[in-house]
Amino acid sequence: MNVLEWPSQSPDLNPIENLWKDLKTAVHKRSPSNLTELELFCKEEWAKMSVSRCANLVESYPKRFAAVIAAKGGSTKYYFMLYEYLCTLDFSVFYFLKIMIIRVMYHFAFTSQLSVTSFPTVFSSSKVKHELVANYSHLFWVQGSRPELQPYMLLAHTDVVPASEDDAWEVPPFSGDEKDGFIYGRGTMDDKGSVMGILAALEYILMKGYTPQRGFYIGLGHDEEVHGLNGAVNIVRLLKERGVKLLFVLDEGSAILDGILKGLDGPAALIATSEKGATVLKLSVSMPPSHASMPPRETTIGILAAAVKRLEENPMKRLFGLGPEGGMFEHLAHKFRFPLNFVMSNLWLFAPLIARIMERNETTNAFVRTTTAVTMFNAGVKENVIASYAEAFVNMRIHSAQTLKEVHSVQRWSTVGDPRVKIEVVYGFDPLPISPYDETSFGFQIIKKTVLDMFPSMIVAPGMCIANTDSRHFKDLSSSIYRFTPAIYKPGDAQRFHGINERTSRENYEGMVQFFFRLFQNCDIKKLPDVSLDHN
Ligand SMILES: CCCCCCCC/C=C\CCCCCCCC(=O)N[C@@H](CC(C)C)C(=O)O
């Protein structure tokens, strides 16, 4: 049998595309006026799809094959007929978003790559230049009508950390299933939600015929979770070669926190102006192997376990208030309940006290200090052999008020404190510089304005990213790097990052599309918003 190599998502060959079109036509005719009706009409019209229609689509396969071969693998009339038809529909924002949600679920369920089918306008517009970087990362350039305006850049990533079906997920981690108003799946929060949100907003704004004045780049990395050394690093290299300087960069890394900061009344949008540094240390102990019946007084495993225990029992010193988190809490102070509002407004006096409260919770502890996490421990080959080698990996996130050098020396000399434990630095980098957030900082103020356009009474404050993002590779291209995703996170959500039941609500996903749709337009405004009118 001859196997034809063909992308599984080829729109010309995929009969489901025609059925989507049929469904959209039928539902559109009935003009649903709310979500419940939309869902009901979708189900009813789907149930009406006839067997003969499906059979026809399958039978027309040979014709499509022939057309695709004639087009030398390019798009055929079948694809364009479908696309042109979609463009004639009078989409309301509401209706458009529902379709985008169906697409995002479809994407999570069936594809591992960006599909031209999902964003036909983005991939066919003369205003958008798309290129692959290092085979799998995507770089888009959206041309503005005023080339004299400095461009900005949005970042997100398509790769994810592993997820196992054995880990008690409520729905399979790569199903993209929707349950109780949430789309579940590895990557929904970190960071495919942003990928889809940015592209959906771009698709929509192009379909509306809007021409941005300020050009912008979109970079979608494929290896952020393993440091971005191929994706982000090569995107930066390309932009440098082209002499690009960016007005600002916006990546993942912070969000709208609702109920996560105890004592704060209402949600707060925290636009991170910096991110922590990081280092990974490898600790190891070696000795000759021996018989388990004659154990030495101390084994490699025992020595290393004791060193690891010392690390856990002696956290790095409290630095709360000395980094950008100080500004963050001062900005938020008046929104805290009494007496926290008074305490937060006087960090010079109360920072040590607040630090002791914050360190009790693992999410807020990350704002207080350089954190230490023992993430891997390997030793032993057989249950009756004394292990000749034991190793542990320690992942540390460095507070802005500390340096990489300082962290290394503290760990080496005081905490591990045993010369038999060899310490090697796997990698490390300093905390990132703090980006400006005063009233003249275009990037910060535009992100803030966009949040306020969507949520007029939201508290917006500068924040700090406690993890790491691809944006750190961009520091030579811009001094204004912000980390913020317009998603609302509640207690328990922080544990979903790299954990089980990662999910995004429909509202968060819709908000994401709306946010970027507005941001594209806000970046064209001539004058920054007047901060004296600010209600925060
Ligand atoms: C880490 C999650 C902390 C959750 C804190 C509370 C909610 C804060 C709001 C949202 C955003 C968190 C975004 C985190 C992005 C993390 C991306 C990531 O995992 N990066 C890797 C990079 C590493 C260099 C391999 C990391 O381990 O930091």
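Colleague: How do the residues of the shell around the ligand divide into nonpolar, polar and charged?

Modeller: In this predicted model, the shell holds 7 nonpolar, 6 polar and 6 charged residues.

Colleague: Which residues come nearest to the ligand?

Modeller: There are 19 residues around the ligand, and E224, E225, R397, N468 and H498 come nearest. Three of these names return in the polar pairs. A polar side-chain atom of E225 is 3.2 Å from a ligand oxygen atom. H498 also uses its side chain, with an N or O atom 3.0 Å from an oxygen atom of the ligand. For N468 the atom belongs to the backbone: an N or O atom there lies 2.8 Å from a ligand nitrogen atom.

Colleague: How much of the ligand's accessible area does the protein cover?

Modeller: On its own the ligand has 670 Å² of accessible area, and the protein covers 87% of that.

Colleague: Where is H498, and what is its phi?

Modeller: H498 sits in the loop between β18 (488–489) and β19 (503–505). Its phi is positive, about 65 degrees, although H498 is not a glycine.

Colleague: What joins the side chains of D191 and S194?

Modeller: A polar contact of 2.6 Å. S194 is in helix α8. The cut-off for buried is under 20% relative accessible area, and S194 is buried because its value is 5%. Leaving out residues up to four places away in sequence, S194 touches A156, T485 and M512.

Colleague: Which elements supply the largest nonpolar core?

Modeller: The largest nonpolar core has 46 residues, and L250, F516 and L519 have the most contacts inside it. Elements that each supply at least two of its residues include β2 (137–142), β3 (152–157), α8 (192–207) and α17 (506–522). The largest share, 10 residues, comes from α8. A second, separate core has 29 residues, including I260, V343, L347 and V368.

Colleague: How far apart are P120 and E203 in sequence and in space?

Modeller: They are 83 residues apart in sequence and 7.6 Å apart in space, C-alpha to C-alpha. P120 lies in helix α7 (residues 120–124) and counts as buried, with 7% relative accessibility.

Colleague: What do the totals for the protein chain come to?

Modeller: The secondary structure comes to 17 helices and 19 strands. Of the 536 residues, 52% count as buried. Among contacts with a separation of 6 or more, 80% are between residues 24 or more positions apart. The accessible surface is about 25,100 Å², and 57% of that belongs to carbon and sulfur atoms.

Technical notes. Residues numbered from 1 in each chain as written. Predicted model: local features only at pLDDT ≥ 70, side-chain atom pairs only at ≥ 80, totals over all residues. Heavy atoms only, no water. Near = heavy atom within 4 Å. Polar contact = N/O pair within 3.5 Å; in protein donor to acceptor, adjacent residues only side chain to side chain. Areas by Shrake-Rupley, 256 points an atom, 1.4 Å probe, with all protein chains shown as cover. Nonpolar A, V, L, I, M, F, W, Y, C, P; charged D, E, K, R; others polar. Helix = DSSP H or I, 4+ residues; strand = E, 2+ residues; numbered from the N terminus. Buried < 20%, exposed > 50% of the residue type's maximum accessible area, 1.4 Å probe, protein only. Contact = heavy atoms within 4.5 Å. Core = buried A, V, L, I, M, F, W, Y, C linked by side-chain atoms within 4.5 Å.
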